[in-house]
Structure formats: structure tokens, C-alpha cells
Amino acid sequence: MDLHQLWTILSTPDNVPIVLLLFVVPFYTWYGLRQAFANDKLIAQLESDPAMAKTHHRKIQPFKPGWTREVHVWPYLLRIEFLAAIIVTVILMVWSITLNAPLEEPSNPTLTMNPSKAPWYFLGLQEMLVYFDPWMAGVVMPSLIIVGLMVIPYIDTNPLGNGYYTLKQRKFSILTFIFGFIVLWVSMIVIGTLIRGPGWMWFWPGTTWDHNRLIFEVNRDLPDIFGISGRVGKIIFGAMVVGLYLAAAGVLMHKLITKTAFNRKIYARMSVLQYVVMQTFLIVMLALPVKILIRLMFRIKYIWVTPWFNI
Amino acid sequence: MSDQDKDPVLHSSLSKHLFIWSALLVISMVWGLWDEMYGIRPWKSYEARFEKLYSKYLATAKTGQAATERQIKGSPEYQRLDREMQAAEKAAIPEASAIDKEVNESLVPKILALNDPFQVTRAHIGSLTYEIEVSTSDSRKDSLRQEIQKLKDEVQKIQLPGPGEEPRSMKFDDMAKLLQDMKDKKAALLQKRVDVMKKATELRAGRDQYLSDRLADASTDTIAAVENSLANFDIRIRQIHVKDVDLVDRCESCHLGAREPVVLTKAAMGGEAVFTSHPSKELLKIHDPEKFGCTPCHGGNGAALSSVEKAHGYNKYWLWPMHHKENIDAGCQQCHVKEIVTEMADTLNAGREIFRLRGCRGCHRYEGFDREADEIASVNQQIRQFEQQKAEWLREAGFKEQKANNPRTSDADAKKLNAEANDLKVRSTGLDAKMEQLDMRSHELVREVKKIGPSLKEVRVKLRKEWVPIWLQDPHKWREGTKMPTFRLDADEIRAIGAFIWQSGVQGELPQQKPGDPEKGKEAFETRGCMACHSMGEGNQKQGGTFAANLSREGEKANYDYLVRWVHNPRQRTAPYCTFEKKDLTKADYDKHNLPYVFDLEHSRCPNDGHELQVQQMTPMPSLRLTEDEARDIASYLMTRKGTNASYANADYLDDPNLRNAGLAKVRFYGCAACHEISGLEEEQRIGTELTKEGSKPLERLDFALLGHEAEREGWYTHKGFFEHKLENPAVYDQGKEKARQDRLKMPNFNLSKAEIDAVTTFLEGSVDASVPPKYFYQPADQRQDIIDGWWVVRKYNCMGCHRVHTAQTTIFDTLTKYQDPDWKDQKPPTLIGEGARVRPDWLMRFLGNPALSENDTNRDGVRQYLKVRMPTFSFSDGELRKLVRFFEALSSQSQPFIAEQLDPLSDQERGMARSLFSSEGAPCLKCHMTGDAQHDARATAPNFTVARERLKPGWTKRWMLNPAMMSPGTAMPSGLFRHEENRWVFAGPTPSSFSGYPKDHADLLVRYMFQFTPDELNRLRSSAGSSGN
Amino acid sequence: MKKILIGIGLACVLSLAGCGGGGAPETAKKLEPTAPAAGGGAAAVPDEANGATITGKVTFDGAKPAGKAIDMSANPVCMRAHASSPQKPEDVVVNDNGTLKYTFVWIKSGLPDQNWQVATTPVSLDQNGCMYSPHMIGVMAGQPIAIKNSDPTNHNIHPQPSTNQEWNESQAPGSADKNQSFARQEVMIPVKCNIHPWMRAYIGVVAHPFFAVTGSDGTFTIKGLPPGTYTIEAWHEKYGTSDQTITVGAKESKTQDFSFKG
């Protein structure tokens, strides 16, 4: 257990945000969900009791007779925002005093640092490069992510979920987002920061980053495993496997979507276009962990090998 | 309402949180401010402390100084000077004050009074003149001229101040004249005042000089001045900014004492080393910090001020950490890269010398260290270039003539073309001259190349076969501190290498030598000068030089006959080597061209192809011009030098031809040919990496192997650390590695001492891509270049083993116990400090070429026959001779070329006087100086006067006679022979009667006498000396 | 409730932000002991009255070496000086009572650390008949040595110390005495004359007044020693040195003999 190594990694000014991420992201996720549950509970309560619903006026608190109908923004909201502003200022002050800019030696074109890492917010992409070929990981995936995020509101058009924290009305979107953001994006950033050492090798936290380390791992393309040689053969085979995956994943997704009654309602409301778009993105999103697993577990490099792109 | 009915929004209070966080906010602000002002600016506290400590110290120092000054001022001498000064001043004052009065009270006011009106008019005239110049119309010009004239004629009333001055009416010209007169008068008066005060001022200067001469440390005035400056000492960043290098060094923000006029020691500054003065003011004088800064020499991060660690560059990511104390000289190397000896950088010099002498350069290229090889290459290339150039010019000349002969060309052009053609031809002859020079040089150079180790071609004739494997096993075990490093060889490798070496040796027959007398041999060995390079005895018994091998066990390894030849003439080879055919020539080669099988410096051309041969052993060891008998004696003495249990296992397997090829591979692998001359491997390439810029190689490129993390933990993950560990144990970075034999680190172990490791580390640490622009490099274009070149030759042949070449240097002879005895002290070789000023370059050239100064009688020393030790014959190449002579001339900054000084001839009377003085009891010259009388010379301790004329320079000779102790402390030549008497030197002792009334300088007389000294004069002198005796 | 949670969140934020902080600036403040003051103080003088006294003689066992006469033929003047009896070398002079002349006896160590009053009376070193006389002298560091030349020929005085400054002055016949002194303790300083190679004298320079040179009776006396334990050394130019340890009390007088083998 090399604590010194661990500490150097954690305390590098560059990595501090990541360490924060580890705590803050789960915390706020939990915090948001907690609110959502509360809201859903209240709504349920009101629906069951129309009388109360008539008089009730606040979304997040149970009904109490004699409470004013409205609460003014000033001071009741602003004072909280003011407090928050102060707190953030303090944090930034302390941060700027204690952590200096992580400057290093003048860059030397004949000498690349090892490991050479992207800025922390790109480490997810860099990590993806391990599993996909640059074109996919560097161009296709990122743009899909952005487009996907933009698409979300057009897919989940349920008006009942607007304007307040709720899981009930947005279960599917929220879960998808949590999966996509926390499970995939954040975790990959964390991996890229804390676990990827020299030679972009996998070092469990607390092990020494040894530049001399050598590990034996052969990653082969799926076609080769099946002994398929010849370009065309590979292309066709790859296409078949990927197609298979698409079909399977499509079905799986459909099952998931049409699982609960509520979702079925949503599904019924959806237009074909919405559905197809959603399916596409879900399948692609799913492809990421699937590929990662395949790579890590079966040491498979590419599945579909073509002269133009690899998957 | 009950609590739980309260509206949580309306009734909850945030004030507590607001309060706490506002407090935190304030605190963080304060923290931020503090950090900004002090946290990241530690230097402020340093400056504050310095100011306190310094003024405290000054106070104490002042009292001390004041005391000493009072003491000096109290001394009668000072009093006298002071009185004289006062007197002179008193004498001068009245006149001076009178002048002052005149000037200040009469002249100056008048001048001022007159000046104004005059200036007004002049200005007016000036402007008008300008208008004339620029105006175009003549009429206007005329009118302006008239205007000027009017101004000039205008009469003004001037009232000059001072008594008896009535107002006078003056024209412009009168004013100008009067003003000029008054100004001249004033100047004259002031000049007069200076003359009047002259004596007093001089006396005052003399007095103050007397005081300052007797004050070792800063005077009270200096201290007072410093105190004043301290009084308004402000806390600010103190930085040196060298613009053209854009170098910013803020070191002096903490190291405030570095350049203080008062010398600050650690103790003086309350034990804070940071405030001490720079240890060497002299260095600072040569390298003015305003021009060089600090970091170019010392390393470190000149701009950083945020912490000691960062400022010294010891933090990660800073590529130029400050040199540690033991490697402080490293800074010199980056600019003084062309030198083998740099004054005031002893550690660095030691490092370079180890690198040169111990054979590092054999495997590792280092620019400038294999000078001969490089020069050979460049010479040959230049020759080629010149040849091309010549051909080109001649062709062009041809064309031009052709064109000239062409009828269409006009006569003028033809003339011109022919002229140009001739021009080219003439210039081409110049090229011939150059090529001739280069050609000669290329031939010498073959002779200049030396090897670090002995030639292995001679093993068969030289060595005992059984000894070879033992030696290969561990040279340092057999002969501690030897140059040959210990390789990591296993038994098979030793067998193979031994076999190859043995079998690749040349075959040769040596004449049988009859045994000599070891006793006499010992005597000769210890007194002839062998020990200047060789050492004898082991452990603390060890005596002698480290330049060459320790010979305590020579008898165990060597073959007597060979040893005799070697001692008699180390350069003699068994077979010559042709650098062109790349093979050792045999008798057969000579027979083919029916030539006798003789090869030496006179017969150095290859019979097959006329190329230059390697006719000498490639060793710096010189010939001591010993007789055959002496050689035998020394050899037999050496043969008696054996260890106690000298028994060697049979090693006939060295003749096993099957081992040969394996051996060859190994010899190549370990790079034996780097230091040794080996048949077939003469042209072998280097096996090590180049080290010219090793110091600035990225740390990541230095292979710490498995020790990287350990190094980082223990803080030696630096260049210094890498070098030190590597040198201490070259195999260290193989630790824990799984490697095949051929992949293991090859570098052998030199068993360097800590000091040696520091020296080499210093050298390597300094071998960097210079951080300063080339114009800072030390590449003098004047005589100093000769000094640089000279040192290489001096080191190459270890002149400093015998001679003191520069001050603060000891020779081996100073360390030998034998030479501590008063009688032997005079037997030491002469010191060469100031040699250039002493001897004539032409003579020096002759002497270095043939120290016997005689073709037939070589078994002697040319100058000092009385010395047991002897200047050997190095058979220098002409190039080396030139370098050496220029070196000594340059060291004593003699102008070149040398032109002998003319001495006025002696009158017969003067000759008689000089002779009588020479032979008088009062003047003992001939007691010590050689006279050519064998029986006397046996006891003599100084050279013969007959050589003086061609050898010495008159000026030096006189200075020497007047005060030899100054030039070479401890010389046998006594001082105080002359005393100074009304600006001439007269002989201190009783002078012969003939001297009475002789007005001239006695020392001069003797010099002139010496410089026309002839053998028969000497005889006359001897006889008269004898006669004066009884 | 909510606020507490925020608080916790921020707390961990702060604590993490605290990581990687730049250490406080260090100051290279190391107080070294200042150099010790030079021992002694006021210069002391040996107390003849109640000091201890050490006497003794330096015996020589072995055959009295028959030194062969010095050959001064090179210099007639010197020849003439010894026309009657040829001069013997003085390196080993054995007195008739079997003792050694010209042995330098001095207190090598054990004295309290203090400065001793430097004697101002010059010790004379004469050059007579091309010999230094006496052959061996002892002086205190800084004590003047008056060197005179009683010969009608020129001499040069050439001491060859190792720690003191070396010098080499010629002295013409009939010229004034040279007053010289040596600043540092050194036992012994050989003195030679380059003109007359056989001439040799030895000067023992000692920082204190407790030394003696054995004369023609081979005895020595050292007076006024403060009580204590000393290492006393006898130095002979040919037979080297021999050390003895001796303890003396106030007013006590002890004998300490030395003996050199031939």
C-alpha cells in the first residue's frame, strides 16, 4: 500500500476537483431524489384528498391551517441565496489561497510526459479511447452525447413533470440520465484521473505508479478470434455481430420501456419518431458499457473491423 | 400556536448561519491578505533580519576598526606625514586664499555682470545671422547684415561691480574681448591655486595611502558610508537584470551580504550563512554579477522568491537546480568548456583530469577531449577543400585567359582578364603553402596520438603469461588505484579475453640483457625523476606520482629484457603500424622494397605506400636519455619489486586458438581498444554514450531502472544523484534487474574515492547546453588562447609532476620524503613560474626539443647538469613545441614574436671590474654556479653562466639578481645581494677597489657582463678566482 | 435539517480544498557556535621561584663516530680558517663523558593554554670559519635571532622551515648583523648556506620558554615549569626524537634522562 503515491495523486491541484466530484455528485443526486420523493408523496396525498388539495398551496410542505398562502421571494428566498453566495465565496477564497496553479517544467517537444493526461473534464473522452477507435471515441461519441442531451426534452414530453422535482413523472429520463452521467461519464473521469498510471495502465489506488511496469495483454479483434481472415469476411462478420447487438439491445430496451403501466402510458403517447430516436440513443449509450465489459473481460479490441472505421 | 404549527419558512431564522459564514468569509479574506503580503514573500523577513544583523555588526566592527586606526594614526610615521601635510598646507593657504578672494569677490561678479548684456546682443545677432542664411533675396540679406552691424556698433553703458569701477560705454566686440580676458584670468588663477596646493594635496594623499595600506579590513569611512546607506534601507526585491540574456536574478533579495564592501562571515551575521559575503571577491571581479548574474554560474531559479527550496531550484520540474557546495565548480564548465585547466576551479580541473587520464574519454566521447583525433580529421578535410579550391581557381584562370585571347575581346577587357587570371594563379600558390603546413601537421599528429593504457601488441614480449588472467580478474586487487578499471568478468570471459589478447600480440625477438645492479637502479629510480609519474610502495608506504602505474609488484609481471628496452626508450616499438594499410608491418614488408627494417622518427614512412607510420609506442612516457647500463640497473631494480606471495597458476590455455574468436567478441564488447592499442582493433569505435551535454539530458532519459522510486524517496532523483551512484558503483542500476549477460551495464568499476567522484560529478553536472548565449563563452582571441591550448599539452605530459607551472601548486617532489632533506631540496626540478619572462622562446624551443642541448652527449641535462633528476626527452611534435613555447610566453604575457633586447657593450674597464667582482670573496657567484670544472660542478647548484646569453632575457636576469626569493621562494639563490642607493643598485658586499667612483648600476653591469660571457672568459675568471683564494 | 446537510457538504469540500496546500515559508535560521576566543590572555612569564625544575642529561651509547673532516677545498678562505685542525662535522658530537651535544630538549605538550612572554634578548647565531656556531639554538616564537658573519667571505643564511616563511639572505663579510625571527613554533628548522654546502645549523622555535640545548656536558635544565604532567621530547638531528612523560609539582625538581643509540 503506497500511501505516498496515493496522496500525490489526490493532492495534485488538478485532481482536487475530481476528488470533490466523488463526494459532491452522489450527494446532490441523493439530495435531488429525496426532494423528488417528497413531492411525489405529497402529490399522492393531495390526489387522495381533494378537499385538502383545494386549500393547499405549497408543493413541498404538508397542509397546515393558518399558514399564509404565498411566501415572498424577499426575504425568504433571497436570504438563502445570499447565504449560498457567501459560502461559495469562502470556498473559492480558501481554494485560491491553498492551491497554486499546477505549473510544470517548460514543455520539451522531444519528451512527452508519462502518463500524459487531458484536462480532467476531458478525461472521460480520453478513457473512451481505450475502448473505441479514435474516430468513434473522439468524434462520433461526443457529438452523440451532446445531441442526446439536446434531444431529451423532445422525447420525454410529459407535462406533468414540469417545474418541480419528481421521480414519478420522469422516472425513465432521470434513470437514463443517472446512468449516462454518473455511471458512464463521471466514473470514467474518475478512472482516468485516479487509476490510469504510466503507459495508461490500470493501477488500483494505493499501488505505486511504476514506470518500469510491464503487463502482458493481447487485445484481438473479434473476427480474428473466430479465425476469420480477409477484409470482406471481417467486414461482413463484424456487421452481423453489431447488427445482432442492435436487434438484441432494441428488444431489451423495448421490454424495459413497456415494463410498467406508467411507462406504457408514456409509450402510447410517443410518436414513432420520438421512439426511434430514443431507441437509437439508448442503444448507443448501452453500447459503451457493453464494449467496456467486452474489452476488459474478453480482451477484445474491435468487433467490426473495416478500412474506414472500427467498432 | 405550538411549535410544530409555526410556519417553517416564516419563522425559521438563518441569522446563525449567516453570522458564522460571514465570519468565515472575513477570516478567509484576512488570510488571503496575509498570504499575499508575507506568506508568499518570505524574502521580506530576510531583508528585515539582514538590516538588523548588519547594523549590529557594523557597530562592533566600527569600534574595532576605530581602535586600529587610532593606533596607526598614533604611530610616529603617520604623525610625521600628517605634520608635513599640515605644514605644507599652512604654507600654501595664504596664497591660495588670496587667489580665492580675487576670483570669488572680484572676477566672478564682474563676469556675471558683463555676461548678461553681452548674451542678449549675441543671441539677437545669432538669430539675425540665421535669417541671412535662410533668406533668399540678396536685398534682404544686405538689410539684415546692416542690422547686425548696427547691433555691433550700438554702445552700451556697463557698470561693473567692485571698487574703482566707473561705468564704461562699450561696443559688442569690446564686451566680448573683456569677457574673454576675465575668463582667461580666472582660469589662470585657478590653475595657479592648484599648483600652490599641489604639495599639500600630494602629502595628504600620501598620508591617507599610508593609512589604507595598513588597514586590512574596510576603513571606518567605508563602514560609515555603509551605515548611511543602511539608514535608508528599504524592503524591496533586489534583482539583477541582464537585458541581452533577459536574465532576472533576485538572489540578492535574501543573500544581501554577497556584494557588501564589508566582509561578512557567518559568525558576524549571527550564524546566518545566507547573509555572508561572496567567498571570492576576485571571481566576482572577473565575472561582474551585473553582467553575468548569479544563476548562470550557480544554477537555481533566479526569479523565484516564494520559498528557499524553489529559489534554489530544488523543487520538482525546475531543470537547473543550484549546484551543491561540493560541485560548485560545475558552473564554470558551461562557458570554460574548451579548457583542461581553469584557474580557481580545482574540483572541476580534477574532474576533467580524471576523465582524461583514467580513460573515461576512451569509451565516452566528450567534445574537445580527443583533440589529436579531431584535429587529424579536420586537417585532412581542410587539405581536401584547399585542393578543390585550387583546381577551381586554376580552371577559372584558364577560362579567363581563353576569353582574353579571343580576338573579339577588347584590349582593355583582355588586359583585365589576364590580370585576373594571374591573380588567381598567384593566390593558388598561397594555397600550396597552406596545404604544405597542413600536410606537415597531419604527419606530426600521428605521433601526438597517445593511448590511455599500454599497447597490448607487446604483451608477448612484455608480460608473464600467467599474470594476465589474475590481472583481468581484478586489477585493483592486484594494484590498488590503478587506471585499469575492474570489469564484471566471469571465468570464461577472462579465459577468452586473455587468450585473444595474448594471441593478438605481435611476435618479436628482444636482445638478451645482462643483469644490472638493483642498488644503483633504486638510486636512479628515486632520483632521476621516475617518481614524478610512477609511485612505489603500497598502502601508506606509497610514494610518488599517480600519473602512471604503481610499480611495487612490477617484478611479478614483467619480462626483464623488455623492461630494459622500455626504460631505455619507452617509445620503441616491436613493429611499426601503418595507419593506411591498418596493419603492423613486418620485416617482410621492408624486404619487399629491399629496405632495412628500421623505423623511427626519421624513418616514419610506410615502405608499401609512403603513408605516415606509427613508429612509436603511443605512450606519453618520455626517454630519460639513460645509458644502457642505467636502464639495466633500473630494470633489475624493478624486477626485484615483488609481492610477498607471488605465485601464479599456469595459464597455457591462453594459447588455445579456439578461445580466440570468443575473446575477440568480448574485447569488442567491453571496448578494451578504447584505452589499449590492440592488433586489428586500432580503428575501433567508442562503445559509451557521448557525455558532452550529459548534464542537461532530461532526467527521464537517465535510466534509474528499479531505483527510481527509491531515488525519489531519498532525494537523489537528480543528475547529481545519478552520476554519483553510477560512479560509485557502475553496475548499480542493474540492481534487481533480470538481464542476460550481454544486456548488463558494461561500465567497469574505477574504484574512485569520494573526492574523485565529486570531481567527476562536478564535471558532468557542468556539461550542459549553456543557458547563456555563446558570447559569454570563454573563447579569447588573444594570448589567453595559447594558455588554453598549452594546458592540454602540459597535462598530457604531466609537466606538473616535476615543475611548479603555476602558483599554489605542489609537485610530486614536494611530497617525496627523500626531498624533505635540506640537501635534497636543492635537487628539485626548477619551478616554471614566469618561465616565459625568463628564457628566450627560441632557446626554450630548442631545449624542449632536445633537453640535452647537445647531439652527441645526450646523457646529461642541458642546463642543470648538477641535478640528479633530469629533464626527459618527450620527442614533442613541432605543434606541441609551438604550443608549449607560446603557453609560457603567454603566461608571462611576453609579446610575440620575440625580439632580443640590445645591451650596450662593456668597456674593457667595465669588463675588468665585473670580472674582479665575480671572483671576489664578497661575490660568491662562482661558488654555486657551474664553471665547467668537473670537480667544482659536482657541488654546484646553479647553471653555467655561459648559457645565460642564449638562454635568458636580460630584464629578467636583473630582476632575479635583485630579489630571487620573490620569484621563487626557497630558491638556493640568496637575496639581498644588492642594496638600493640613490636610484641605482649597488653590490651589498665589499666591492673591489676598481668600483670606486663607478656611477652606473652594478646589477646592470653584471647582467651585461653575463650576456657577453664566453667559455674562455670563464676560464680567465676561474683562474683569477683561484688566485684570489690564496 | 437541510442546512445541516449543506453544512456537511461544505465541510468536506473545505477539508478537501485544504489538501495540497503550500507549506509555510522556511527560514534558514541556524545558529552556529561562534569561534572560541584565543586561549590565554595576558602573556605569562615562567615563575622561577616556585615553578618546578627538570634537569637531565642525554647519554649516547655506541661507538663514538669518527667523523671525517669536512672538505672545504672549494673555498680557500674557509680552508685557511681551519688550517691548524681540520673541522669535523657537528651532526653527532659525543662529549668525553659519553653524552650527546646539540640535542634539543623541550616540553612538547601538557602546558596550560596561554601565551608566554616572548623573550626580547636576541639569540646569536654566528658564521665563523664557514661553520654556524652554535650548531643548534633554541628560541621562542617571535624572539629575535642575531645572525652575524665573522668570516672574510660572503655567506647566505637559508633556513628551510615547513610552517614558517622560508627566506634566503646573503650576508657580505663585515656587514651588520641580521635580526630575524620566526613567528610560529617549529621543531626543528634546518639552516644551510648554499655557498658552503657543508654548513648546517638547527633552530628550534617553541611557543613557550621551556626548552634547552645540551652543551658540552650533555645536560639540560628547564626551569619555572608550572606543576603538571608533560610530554618532554629530546630531538637529535641524526638519531631522531624520544618522548617521555613526566609529572612535576610546585617547587619540585626532577631529573629526566634521555639516551640515544649510535
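Modeller: Helices (H or I, at least four residues) and strands (E, at least two) are DSSP runs here, numbered from the N terminus. Bear in mind that this is a predicted model: local features need pLDDT of at least 70 and side-chain atom pairs 80 or more, while totals for chains, interfaces and linings use all residues. Residues are numbered from 1 along each chain as its sequence is written, chains are lettered from A and ligands numbered from 1 in the order written, and side-chain values use heavy atoms, without hydrogens or water.

My pick is V341(B), in the loop between helix 12 (330-333) and helix 13 (346-357) of chain B. V341(B) has a relative accessible area of 6%, so it counts as buried (under 20%, with a 1.4 Å probe and protein chains only). Leaving out residues up to four places away in sequence, V341(B) touches N349(B), R352(B), W791(B) and R795(B); contact means heavy atoms within 4.5 Å. S169(B), on the other hand, sits 172 residues away in sequence and 80 Å away in space, C-alpha to C-alpha.

Now hop over to chain C, where five strands make an open, mixed sheet in the order 5-11-10-7-8. Strands pair if DSSP finds at least two bridges between them. Strand 5 (136-140) and strand 8 (169-171) of chain C are the edges, each pairing on one side only. Inside the sheet, strand 10 (residues 186-192) and strand 11 (residues 200-206) of chain C run antiparallel, joined by five bridges. P190(C), for instance, has Y202(C) as its bridge partner in strand 11 of chain C.

Note on methods. Buried means under 20% relative accessible area, exposed over 50%, partly exposed in between (1.4 Å probe, protein chains only).
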